[in-house]
Amino acid sequence: MNIIQILLAGMLSLGHTSKTTPEKPKSENVIHAKDPYAQLQEKFDVLPDRTIFDKALAGWSHLKEDLRNPMLTIIDFSLPSTEKRMWVIDPKSMEVKLHTVVSHGRNSGNLFAESFSNIPNSYKSSLGFYKTAETYQGKHGYSLRLDGLEKGFNDKARDRAIVIHGADYAREEVAKSSGRLGRSLGCPALPSEISKEAIDLIKDGSLIFIYGEDEKYLSNSPVLSEALLSQPV
């Protein structure tokens, strides 16, 4: 090999070793999931308040391994009973499956639900997370039992016979004629014409979140506290 061949070989060797593929910034390799609430906003006009939705979804994410039915129901008792304040949402497809009015307990308030209780015979609504259970035929017809998941706030739901059922007093026509929806003995009662559809959609192990403007609950909710601690930093 003459001197020219040696020099050419060295130059080729240097060129090969210095050629590197720049590493992409790590941020370009991360796929960010689209904001769930934004997904809903693209398809539906009337949604729960963003803060309430975030609380409900945090609870659902925390409890989803124990749920047999993926539906998430949100009831917002900070709204008047004349408004549609119950949403059934599929968190996997981010679709609103049902949007309806819902009654509160007669001792919780008139137009608004302002007072809540877990005490038997209080005839008040209870806040927090519930898991839907079995259906049955009762005095209100086809009904759905609920198990409260939050000790001190709604864990006496089954003892109190707090269930989802249909009722004529929960129909929108009643609100239009009387200025408010009729009230229950503590149950989240639905319009009789859609109660079966709603019950079949959420029965057998789905999650319900009933929200109200109650500082004691919001500051001490076992599920919300655990969900917050389990969220990634």
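## Exercises on a predicted model

Five bridges join strand E2 to strand E3, and the two run antiparallel.

### Exercise 1: The hairpin and its neighbour

Task: Find which residue takes a positive phi in the hairpin of E2 and E3, and which residue stands opposite valine 88 in E3.

Solution. 

Step 1. Look between the two strands. The hairpin has four residues there, and methionine 94 takes a positive phi near 50 degrees.

Step 2. Valine 88 stands opposite leucine 98 in E3.

Step 3. Turn to the other partner of E2. Strands E1 and E2 are paired in the antiparallel sense, over four bridges, and here isoleucine 75 stands opposite methionine 86 in E2.

### Exercise 2: The two sides of E2

Task: Work out which residues of E2 point one way and which the other way.

Solution. 

Step 1. Recall a general rule: in a regular strand, side chains alternate between the two faces of the sheet.

Step 2. Apply it to E2. Met86, Val88 and Asp90 point one way, while Trp87 and Ile89 point the other way.

Step 3. Check how covered the strand is. E2 spans residues 86–90, and five of its five residues are buried.

Step 4. Visit strand E1, residues 72–76, where threonine 73 lies. Threonine 73 has a relative accessibility of 0%, so it counts as buried. Leaving out residues up to four places away in sequence, threonine 73 touches Met86, Trp87 and Val88, and also Ile202, Leu207, Ile208 and Phe209.

### Exercise 3: The whole sheet

Solution. 

Step 1. E4 (residues 128–138) and E5 (residues 141–148) pair in the antiparallel sense over seven bridges. Threonine 135 has leucine 144 in E5 as its bridge partner.

### Exercise 4: A loop residue

Task: Decide whether histidine 140 is buried, partly exposed or exposed, and find its contacts beyond neighbours within four places in sequence.

Solution. 

Step 1. Locate the residue: histidine 140 lies in the loop between E4 and E5.

Step 2. Use its accessible area. The relative value is 36%, so histidine 140 is partly exposed, because that class lies between the cut-offs of 20% and 50%.

Step 3. Search for contacts, setting aside neighbours within four places in sequence. Histidine 140 is in contact with His165 and Gly166. The C-alpha atoms of histidine 140 and alanine 167 are 6.9 Å apart, although the two residues are 27 residues apart in sequence.

### Exercise 5: An aromatic cluster

Task: Classify the ring pair of phenylalanine 129 and phenylalanine 209, then find which residues form one aromatic cluster.

Solution. 

Step 1. Begin with the total: there are four aromatic pairs in the whole structure.

Step 2. Take the pair of phenylalanine 129 and phenylalanine 209. The ring centres are 4.4 Å apart and the planes are at 25 degrees, so this pair is stacked. Phenylalanine 129 is in strand E4 and phenylalanine 209 in strand E8 (residues 207–211), so the pair links distant parts of the chain, 80 residues apart.

### Exercise 6: One face of a helix

Task: Say which residues of helix H5 are buried and why they line one face.

Solution. 

Step 1. List the buried residues of H5 (residues 195–202): they are Ser195, Ala198, Ile199 and Ile202.

Step 2. Look down the axis of H5. The buried residues fall within an arc of 95 degrees, so they line one face of the helix.

Step 3. Follow the chain onwards. After H5 comes aspartate 204, which has a positive phi, near 65 degrees.

Definitions and conventions:
Residues numbered from 1 in each chain as written. Predicted model: local features only at pLDDT ≥ 70, side-chain atom pairs only at ≥ 80, totals over all residues. Heavy atoms only, no water. Pairing = 2+ DSSP bridges. Buried < 20%, exposed > 50% of the residue type's maximum accessible area, 1.4 Å probe, protein only. Contact = heavy atoms within 4.5 Å. Phe/Tyr/Trp six-rings, centres within 6.5 Å; stacked < 30°, edge-to-face > 60°. Arc of directions from axis to C-beta.
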